[in-house]
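Q: Could you take a close look at a single helix in this model and the residues around it? I would like one connected account that gives the cut-off for each term as it comes up.

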Amino acid sequence: MDVVTLNRIEQAHPSIREELREDYLYCNNKLLGKGVRLRFASVFRTIEEQNELYNKRPKVTNARGGQSIHNYGLAFDIVLLYDKDLDGRFEEASWDMVRDGDGDKIADWLEVINFFKSKGYEWGGDWTSFKDYPHFQKDFGYSWRELKEKRESGDYFVDSKNNIKYVKL
(Lines give C-alpha, C1' and ligand atoms only; values in the text may rest on other atoms or scores of the structure.)
Protein backbone atom coordinates (compact mmCIF):
# COMPACT_ATOMS: atom_id res chain seq x y z
CA MET A 1 0.00 0.00 0.00
CA ASP A 2 1.02 3.60 -0.53
CA VAL A 3 1.30 5.76 2.61
CA VAL A 4 1.03 8.96 0.53
CA THR A 5 -2.36 7.85 -0.78
CA LEU A 6 -3.60 6.66 2.60
CA ASN A 7 -2.77 10.09 4.05
CA ARG A 8 -4.60 11.81 1.20
CA ILE A 9 -7.66 9.61 1.73
CA GLU A 10 -7.80 10.86 5.33
CA GLN A 11 -8.69 14.28 3.87
CA ALA A 12 -11.61 12.95 1.83
CA HIS A 13 -15.13 13.88 2.93
CA PRO A 14 -16.11 11.63 5.86
CA SER A 15 -19.08 10.31 3.85
CA ILE A 16 -16.71 8.57 1.39
CA ARG A 17 -13.51 8.24 3.40
CA GLU A 18 -13.80 4.65 4.65
CA GLU A 19 -15.29 3.35 1.41
CA LEU A 20 -12.55 5.08 -0.57
CA ARG A 21 -9.87 3.53 1.66
CA GLU A 22 -11.35 0.05 1.22
CA ASP A 23 -11.69 0.50 -2.56
CA TYR A 24 -8.12 1.76 -2.80
CA LEU A 25 -6.79 -1.22 -0.86
CA TYR A 26 -8.82 -3.62 -3.00
CA CYS A 27 -7.33 -2.14 -6.19
CA ASN A 28 -3.80 -2.60 -4.94
CA ASN A 29 -4.21 -5.98 -3.29
CA LYS A 30 -6.62 -7.78 -5.63
CA LEU A 31 -6.99 -5.91 -8.92
CA LEU A 32 -3.54 -4.74 -9.92
CA GLY A 33 -0.73 -7.23 -10.18
CA LYS A 34 2.83 -7.24 -8.92
CA GLY A 35 4.83 -4.21 -9.97
CA VAL A 36 1.82 -1.88 -10.32
CA ARG A 37 0.47 0.41 -7.61
CA LEU A 38 -2.37 2.89 -7.61
CA ARG A 39 -1.67 6.32 -6.14
CA PHE A 40 -4.16 9.10 -5.54
CA ALA A 41 -2.36 12.16 -6.88
CA SER A 42 -4.93 14.46 -5.32
CA VAL A 43 -7.99 14.17 -3.10
CA PHE A 44 -8.96 17.30 -1.15
CA ARG A 45 -7.77 20.64 -2.53
CA THR A 46 -8.06 24.06 -0.98
CA ILE A 47 -9.51 26.94 -2.99
CA GLU A 48 -5.99 28.36 -3.32
CA GLU A 49 -4.56 25.07 -4.59
CA GLN A 50 -7.38 24.82 -7.12
CA ASN A 51 -6.73 28.36 -8.37
CA GLU A 52 -3.04 27.53 -8.81
CA LEU A 53 -4.00 24.55 -10.96
CA TYR A 54 -6.51 26.63 -12.91
CA ASN A 55 -3.81 29.18 -13.77
CA LYS A 56 -1.30 26.55 -15.01
CA ARG A 57 -0.41 26.36 -18.66
CA PRO A 58 -0.92 24.17 -20.53
CA LYS A 59 -4.47 23.98 -19.20
CA VAL A 60 -5.11 21.13 -16.80
CA THR A 61 -8.55 22.10 -15.43
CA ASN A 62 -11.59 24.19 -16.26
CA ALA A 63 -12.45 24.60 -12.57
CA ARG A 64 -11.52 27.66 -10.55
CA GLY A 65 -11.33 27.49 -6.77
CA GLY A 66 -14.75 26.51 -5.40
CA GLN A 67 -15.81 25.00 -8.75
CA SER A 68 -14.05 21.65 -8.27
CA ILE A 69 -15.52 18.70 -6.44
CA HIS A 70 -11.99 18.29 -4.98
CA ASN A 71 -12.69 21.46 -2.95
CA TYR A 72 -15.33 19.48 -1.07
CA GLY A 73 -13.32 16.29 -0.54
CA LEU A 74 -15.52 14.28 -2.91
CA ALA A 75 -13.05 13.66 -5.75
CA PHE A 76 -9.69 12.07 -6.40
CA ASP A 77 -7.19 11.92 -9.25
CA ILE A 78 -5.15 8.82 -9.98
CA VAL A 79 -1.72 7.93 -11.29
CA LEU A 80 -0.23 4.47 -11.64
CA LEU A 81 3.18 3.71 -10.22
CA TYR A 82 5.41 1.06 -11.73
CA ASP A 83 8.23 -0.86 -10.10
CA LYS A 84 10.33 -1.47 -13.21
CA ASP A 85 12.91 -3.73 -11.56
CA LEU A 86 10.55 -5.23 -8.92
CA ASP A 87 12.67 -3.97 -6.03
CA GLY A 88 9.66 -2.44 -4.23
CA ARG A 89 10.53 1.21 -4.99
CA PHE A 90 7.98 2.08 -7.76
CA GLU A 91 10.26 4.41 -9.74
CA GLU A 92 7.87 5.42 -12.53
CA ALA A 93 4.63 7.42 -12.46
CA SER A 94 2.39 6.84 -15.48
CA TRP A 95 -0.83 8.12 -16.98
CA ASP A 96 -0.55 5.64 -19.88
CA MET A 97 -4.07 4.34 -20.44
CA VAL A 98 -3.09 1.28 -22.49
CA ARG A 99 -0.16 -0.12 -20.51
CA ASP A 100 -0.56 -3.60 -19.09
CA GLY A 101 2.22 -3.66 -16.52
CA ASP A 102 0.86 -6.65 -14.66
CA GLY A 103 0.55 -8.71 -17.86
CA ASP A 104 -3.05 -9.83 -17.39
CA LYS A 105 -4.11 -8.70 -20.91
CA ILE A 106 -6.17 -5.78 -19.52
CA ALA A 107 -4.81 -2.23 -19.42
CA ASP A 108 -4.08 -1.34 -15.79
CA TRP A 109 -5.76 2.07 -16.20
CA LEU A 110 -8.91 0.40 -17.55
CA GLU A 111 -9.02 -1.99 -14.61
CA VAL A 112 -9.01 0.97 -12.21
CA ILE A 113 -11.58 2.94 -14.25
CA ASN A 114 -14.01 0.03 -14.45
CA PHE A 115 -13.64 -0.76 -10.76
CA PHE A 116 -14.35 2.76 -9.51
CA LYS A 117 -17.20 3.26 -11.96
CA SER A 118 -18.73 0.01 -10.65
CA LYS A 119 -18.56 1.57 -7.17
CA GLY A 120 -20.66 4.56 -8.26
CA TYR A 121 -17.90 7.05 -9.02
CA GLU A 122 -18.22 9.35 -11.99
CA TRP A 123 -15.17 9.25 -14.26
CA GLY A 124 -13.85 12.46 -15.84
CA GLY A 125 -12.99 10.54 -19.02
CA ASP A 126 -16.72 10.21 -19.71
CA TRP A 127 -17.23 13.98 -19.77
CA THR A 128 -17.96 15.52 -23.15
CA SER A 129 -16.51 19.03 -22.84
CA PHE A 130 -13.20 18.58 -21.01
CA LYS A 131 -11.90 15.04 -20.65
CA ASP A 132 -10.20 14.61 -17.27
CA TYR A 133 -8.92 11.03 -17.46
CA PRO A 134 -7.32 10.78 -13.99
CA HIS A 135 -10.41 12.23 -12.23
CA PHE A 136 -13.15 10.43 -10.29
CA GLN A 137 -15.87 11.94 -8.11
CA LYS A 138 -18.91 11.07 -6.06
CA ASP A 139 -20.94 14.24 -5.72
CA PHE A 140 -24.16 12.79 -4.25
CA GLY A 141 -26.19 14.64 -6.88
CA TYR A 142 -24.87 18.08 -5.95
CA SER A 143 -23.36 20.44 -8.48
CA TRP A 144 -20.30 22.45 -7.49
CA ARG A 145 -22.57 25.51 -7.32
CA GLU A 146 -24.81 23.80 -4.76
CA LEU A 147 -21.84 22.59 -2.72
CA LYS A 148 -20.30 26.07 -2.78
CA GLU A 149 -23.61 27.63 -1.71
CA LYS A 150 -23.95 25.15 1.17
CA ARG A 151 -20.47 26.00 2.43
CA GLU A 152 -21.00 29.75 2.06
CA SER A 153 -24.34 29.59 3.90
CA GLY A 154 -22.71 27.83 6.86
CA ASP A 155 -24.11 24.39 6.10
CA TYR A 156 -20.85 22.66 6.97
CA PHE A 157 -18.99 21.04 9.82
CA VAL A 158 -15.31 21.19 10.73
CA ASP A 159 -13.32 17.99 10.88
CA SER A 160 -11.03 18.85 13.78
CA LYS A 161 -8.54 16.14 12.83
CA ASN A 162 -7.84 17.80 9.47
CA ASN A 163 -9.16 21.30 10.22
CA ILE A 164 -11.21 21.12 7.02
CA LYS A 165 -14.74 22.44 6.51
CA TYR A 166 -16.90 19.79 4.88
CA VAL A 167 -20.39 20.54 3.62
CA LYS A 168 -23.22 18.54 5.13
CA LEU A 169 -24.60 16.05 2.62
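A: Leu110 counts as partly exposed, at 38% relative accessibility, where partly exposed is the range between buried, under 20% relative accessible area, and exposed, over 50%, calculated with a 1.4 Å probe on protein chains only. Leu110 is placed in helix 4; helices here are DSSP runs of H or I with at least four residues, strands are runs of E with at least two, and both are numbered from the N terminus. The model is a predicted one, in which local features need pLDDT of at least 70 and side-chain atom pairs count only at pLDDT 80 or more, while totals for chains, interfaces and linings use all residues. Residues are numbered from 1 along each chain as its sequence is written, and side-chain values use heavy atoms, with hydrogens and water left out.

From C-alpha to C-alpha, Leu110 is 14 Å from Asp77, and the two are 33 residues apart in sequence. Helix 4 itself covers residues 108–118, and within it Asp108, Trp109, Glu111, Val112, Ile113, Phe115 and Phe116 are buried. An α-helix has 3.6 residues a turn, so residues three or four places apart point the same way. The buried residues of helix 4 pack against helix 2 (14–31), strand 1 (36–42), strand 2 (75–82), strand 3 (92–94), strand 4 (122–123) and strand 5 (135–137). Just after helix 4 comes Gly120, which takes a positive phi of about 95°.

The whole structure holds 13 aromatic pairs, for which rings of Phe, Tyr and Trp (its six-membered ring) must have centres within 6.5 Å, with planes under 30 degrees apart called stacked, over 60 edge-to-face and the rest tilted. Tyr26 and Phe115 form a stacked pair, 5.0 Å centre to centre with 15° between the planes. Because Tyr26 lies in helix 2 and Phe115 in helix 4, this pair ties together parts that are 89 residues apart in sequence. Tyr26 is partly exposed, with a relative accessible area of 39%, whereas Phe115 is buried, at 11%. Phe76 and Tyr121 pair edge-to-face, at 5.4 Å centre to centre and 75° between the planes; Phe76 is in strand 2 and Tyr121 in the loop between helix 4 and strand 4, 45 residues apart. Both Phe76 and Tyr121 are buried. Tyr26, Phe76, Phe115, Phe116 and Tyr121 are among the members of one aromatic cluster, which also includes Tyr24, Phe40 and Phe136.

Finally, Lys138 lies over the face of Tyr121, 4.4 Å from the ring centre, a charge being counted over a ring if NZ of Lys or CZ of Arg is within 6 Å of the ring centre and within 35 degrees of the ring normal.

Terms used: Contact = heavy atoms within 4.5 Å.
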